[in-house]
Amino acid sequence: MVLCLLLPATAFAEELEEIDWLELMPAEDLHLLENMPEVQHEGEGPAALPDEIMTGRVVPEMGGKTGRIPGFVVPLKTTDDMRILEFFLVPYYGACIHVPPPPPNQIIHVKYEEGFTLEALYDPVWIEGTLQIERTENDVASSSYSIVAQNVRAYEE
């Protein structure tokens, strides 16, 4: 006999391990970030981070890790009714838009087939799924990780 127990979605979310953004950076990049001089803004375009931190190095152990991670949405693909299907998840508001993009290992390319709507881009979300090591590059930014999201929901502590 097989017994099946249905749990509410929130119960599953509470069981997921939280992924910290700094876990996605190798020790070498974390050291560079902690000891980086102040970013200088020169010329017309946005300020840029030093090249040595923009390599996109990854933490191999993070590939295949299932969990949840909070962040902000940079939409890449939407439907006509403004449901977001594909986006970059970034650790702070305005990344890739108003300031230089974070290093690629601090950007996650997310696909969410179901799509979701967002009141405002400054509203953080939780992404639930399995992290993969996969490079994505486009005009907005480059990412070192990806997730096919199982769930996207409003951020609550």
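Tyr-93 is partly exposed, with a relative accessible area of 42%, whereas Tyr-122 is exposed at 54%. Here buried means under 20% relative accessible area, exposed over 50% and partly exposed in between (1.4 Å probe, protein chains only). The model is predicted: local features need pLDDT of at least 70, side-chain atom pairs count only at pLDDT 80 or more, and totals for chains, interfaces and linings use all residues. Residues are numbered from 1 along each chain as its sequence is written, and side-chain values use heavy atoms, without hydrogens and water.

## Aromatic pairs

The whole structure contains five aromatic pairs (ring centres of Phe, Tyr and the six-membered ring of Trp within 6.5 Å; planes under 30 degrees apart are stacked, over 60 edge-to-face, the rest tilted). One of them joins Tyr-93 and Tyr-122 edge-to-face, with 6.2 Å between centres and 80° between planes. This pair links distant parts of the chain, 29 residues apart: Tyr-93 lies in the loop between strand 2 (84-90) and strand 3 (108-116), and Tyr-122 in the loop between strand 3 and strand 4 (125-137). Strands are DSSP runs (E, at least two residues), numbered from the N terminus.

Tyr-112 and Phe-116 form a tilted pair, 6.2 Å centre to centre and 55° between the planes. Both Tyr-112 and Phe-116 are buried.

Phe-72, Tyr-93 and Tyr-122 form one aromatic cluster. Elsewhere, the charged end of Arg-68 sits over the ring of Trp-126, 3.8 Å from its centre (criterion: NZ of Lys or CZ of Arg within 6 Å of the ring centre and within 35 degrees of the ring normal).

Key:
Helices (H or I, at least four residues) and strands (E, at least two) are DSSP runs, numbered from the N terminus.
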